[in-house]
Amino acid sequence: MRRLTPAGRNAMRFAGMFMVAVLTLLGASAAQADTVYLRSGVVLHGQVVQDMGSAVRFRSGDRIVALRKSEIARIEENDKTGALDKEQLRKAAEQREKELEKETGLTFEQRAAINEALRAMTSEDGDGRRRAIARLVEMNRSAPVFVYLVNWLPGMRPIFVPAVLDALTAMDLRQALPVLRSQCMHLDGYVRAHALELLGEYGNHSDEPLIARGLVDPLAQVQVAAAHALGLRESRRATPCLIAQLENPDGSVRNMSLAALRHIWRDHEQAQTNETAEQWRALWSAAHAQTPDPIAPEDLRPLAGASVHYQEEC
């Protein structure tokens, strides 16, 4: 066997010492980890890699950040490195899926089908929209789709809500009516307008004061929807409110209010020729005695505060 020279033995000894040092460092790195508790309440898992006096460099997963010591409440040593644990994430996802299925009564596949239908319902393709609503109605025959959508509404993006209201109305009109009433007060103006239109079509006499409140909404589009809905309801008691809108600065509101009045009073001989608010007040003065519970314009309050439209993309 070949014998090593003194130089060779020294080289081997140095290599061995180097490997021991590397393995020791790797072992320490794997074992040592820290949890940093910030004064803000945020908790970070990872490793303190450098003390810089007034701050520390902290590694969490693949990121390194600098943390001021004045921000830190305390640091604990443990084995939580902050690295992504895919197996733990998989188990957490499985557990969450079981919880969702229990909470909603719907499988992952059913919820995915609902989401797909919602995307189709926001399309400009009218036929595709109707098919998507029909799919949800059919699903609701064997699964609690109605309840799922109602529970989801408070956190739903406004772009989806009008189509969902159509679907709920098609599934179960009686249960949908309270939902329509609540959505008349939605923060988004487009949602309010659509809910008012549906309530005008499917609501009842007691809904007319709520619909009339849309006439004093901050958005002209909601005012137009309210006037149209009152026309659909043939609400003679809302006549004073519609007459007041004949003096609205927005032409679309004036036109829809006039159209609603003419439809409501179509059996009156002057209804098709009356144009001005003054002419309609004269008609109302002669006919109001036969109209119980009139709605006074001065009693109307907006359905929502300063109106918002959410600019979104599907």
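The following questions and answers walk through a predicted model of a protein chain.

Residues are numbered from 1 along each chain as its sequence is written. Because the model is predicted, local features need pLDDT of at least 70 and side-chain atom pairs count only at pLDDT 80 or more, while totals for chains, interfaces and linings use all residues, and side-chain values use heavy atoms, with hydrogens and water left out.

Student: How many helices and how many strands does the protein chain have?
Tutor: Helices (H or I, at least four residues) and strands (E, at least two) are taken as DSSP runs and numbered from the N terminus. Counted in this way, the protein chain has five strands and 13 helices.

Student: What percentage of the residues of the protein chain count as buried?
Tutor: A residue is buried when its relative accessible area is under 20%, exposed when it is over 50%, and partly exposed in between, using a 1.4 Å probe and protein chains only. Of the 314 residues in the protein chain, the share that counts as buried is 36%.

Student: How many salt bridges are there?
Tutor: A salt bridge here is a side-chain nitrogen of Lys or Arg within 4 Å of a carboxyl oxygen of Asp or Glu. Side chains of opposite charge can pair when their charged atoms come close. Under this rule the number of salt bridges is 15.

Student: Which residue forms a salt bridge with Asp207, and where does that residue lie?
Tutor: The closest N and O atoms of this pair are 2.6 Å apart, and the partner of Asp207 is Arg181. Asp207 lies in the loop between helix H8 (189-202) and helix H9 (208-213), whereas Arg181 belongs to helix H7 (residues 173-183), so the pair ties together parts that are 26 residues apart in sequence. Asp207 is buried at a relative accessible area of 3%, while Arg181 is partly exposed at 25%. The residue asked for is therefore Arg181, in helix H7.

Student: Which residue meets Glu208 in a salt bridge at 3.4 Å, N to O?
Tutor: Glu208 is buried, its relative accessible area being 3%. The salt bridge of 3.4 Å, N to O, joins the side chain of Glu208 to that of Arg233. Since Glu208 lies in helix H9 and the partner in helix H10 (residues 220-233), the pair ties together parts that are 25 residues apart in sequence, and the partner is Arg233.

Student: Is Glu247 buried or exposed?
Tutor: The side chains of Glu247 and Arg281 meet in a salt bridge of 3.2 Å, N to O. Arg281 lies in helix H13 (residues 277-287) and Glu247 in the loop between helix H11 (239-245) and helix H12 (251-264), so the pair ties together parts that are 34 residues apart in sequence. Arg281 is partly exposed at 40% relative accessibility, whereas Glu247, with a relative accessible area of 53%, is exposed.

Student: Which residues does His205 touch, not counting residues up to four places away in sequence?
Tutor: His205 lies in the loop between H8 and H9, and at 44% relative accessibility His205 is partly exposed. Contact means heavy atoms within 4.5 Å. By that rule, and leaving out residues up to four places away in sequence, His205 touches Arg233 and Arg237.

Student: Do H3 and H4 pack roughly parallel or roughly antiparallel?
Tutor: Axes are lines fitted to C-alpha atoms, for helices over the stretch in contact, and angles between N-to-C directions run from 0 to 180 degrees. Angles under 35 degrees count as roughly parallel, over 145 as roughly antiparallel, 65 to 115 as roughly perpendicular and the rest as oblique. Helix H3 (residues 108-121) and helix H4 (residues 126-140) pack at about 155°, with their axes 8 Å apart. That angle makes H3 and H4 roughly antiparallel.

Student: Are H10 and H12 roughly parallel or roughly antiparallel?
Tutor: The axes of H10 and H12 come within 8 Å and cross at roughly 5°. That makes the two helices roughly parallel.

Student: How many charged residues are in the contact of H6 with H7?
Tutor: Helix H6 (residues 161-171) packs with H7 at an angle of about 155°, their axes being 7 Å apart. In this contact, Val161, Leu165, Leu168, Thr169 and Met171 of H6 meet Leu173, Ala176, Val179, Leu180 and Gln183 of H7. Ala, Val, Leu, Ile, Met, Phe, Trp, Tyr, Cys and Pro count as nonpolar, Asp, Glu, Lys and Arg as charged, and the others, Gly among them, as polar. The contact has eight nonpolar residues, two polar and, as for charged residues, none.
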